[in-house]
Amino acid sequence: MLFICDHKELQLIGQNSVVYFYAQNIFQHKKMIIMLELAENNNKNKNFYAVDIDYFQNLAKIFDIESLPTVIITNAGGKEVSRIVGITKTKDFVRKISAIQ
């Protein structure tokens with residue numbers, strides 16, 4: 001998973017992406033990282049990114065992020081096809097990401 005640290009890296013987000021929006025102070029952050037790592041291990045065909053909205057508020061507005069944590073999944077065309085808001089069971093989380101082609 002690439003933690004976006006620079007505006008230039010934002011250009012990488014696109015097709016077959018899983019984008020995790022977070023803030024350092026949310027209590028679910030550590031659990032989400034573990035779940036995303038499991039999902040990434042099962043989905044080598046997808047690119048995983050993490051975006052701290054404290055540093056990239058404009059991106060949070062573009063993707064209409066209203067709650068944290070939020071995970072956006074894009075298809076091969078770069079279009080959002082699914083959104084996971086909040087914490088879910090790890091098994092369900094990984095299954096949902098794996099189901100997206």
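Buried means under 20% relative accessible area, exposed over 50%, and partly exposed in between, using a 1.4 Å probe and protein chains only. In a regular strand the side chains alternate between the two faces of the sheet. Five of the five residues of β4 are buried, so this strand is largely enclosed by the rest of the structure.

Before moving on, a word about the model. It is predicted, so local features need pLDDT of at least 70 and side-chain atom pairs count only at pLDDT 80 or more, while totals for chains, interfaces and linings use all residues. Residues are numbered from 1 along each chain as its sequence is written, and side-chain values use heavy atoms, leaving out hydrogens and water. Helices (H or I, at least four residues) and strands (E, at least two) are DSSP runs, numbered from the N terminus.

**Next, the sheet.** Show the five strands together: they form an open sheet in the order β1-β3-β2-β4-β5, with mixed pairing. The edge strands are β1 (2-3) and β5, each pairing on one side only. Two strands pair if DSSP finds at least two bridges between them. On one side of β4, four bridges join β2 to β4, and these strands run antiparallel; pick V18 to find its bridge partner in β4, I73. Five bridges join β4 to β5, also running antiparallel, and here V71 stands opposite I84 in β5. The hairpin of β4 and β5 has five residues between the strands, and G78 takes a positive phi near 85° there. Now go to β1, which two bridges join to β3 in a parallel run; L2 stands opposite Y49 in β3.

**Stop at S17.** This residue is found in strand β2. Is S17 buried or exposed? At 0% relative accessibility, S17 counts as buried. Leaving aside its neighbours within four places in sequence, S17 is in contact with N47, Y49, I72, I73 and T74, where contact means heavy atoms within 4.5 Å.

**Now turn to helix α3.** Select residues 90-99 and colour F93, V94 and I97, which are buried. Seen down the axis of α3, its buried residues fall within an arc of 90°, so they line one face of the helix; the arc is that of the directions from the helix axis to the C-beta atoms. The face turned away from that buried side carries the exposed residues K91 and A99. The buried residues of α3 pack against β2 (17-22), α1 (29-41), β3 (47-52), β4 (70-74) and β5 (80-85).

The axes of α1 and α3 come within 9 Å and cross at roughly 45°. Axes are lines fitted to C-alpha atoms, for helices over the stretch in contact, and angles run from 0 to 180 degrees between N-to-C directions. To see the contact, select K31, M32, M35, L36, L38 and A39 of α1 with T90, F93, V94 and I97 of α3.

**Last, the loop between α2 and β4.** Most residues other than glycine have a negative phi, and most peptide bonds are trans. D64 is found in this loop, and its phi is near 55°, a positive value in a residue other than glycine. P69 is also placed in the loop between α2 (57-62) and β4, and a cis peptide bond joins L68 and P69, with omega about -5°.
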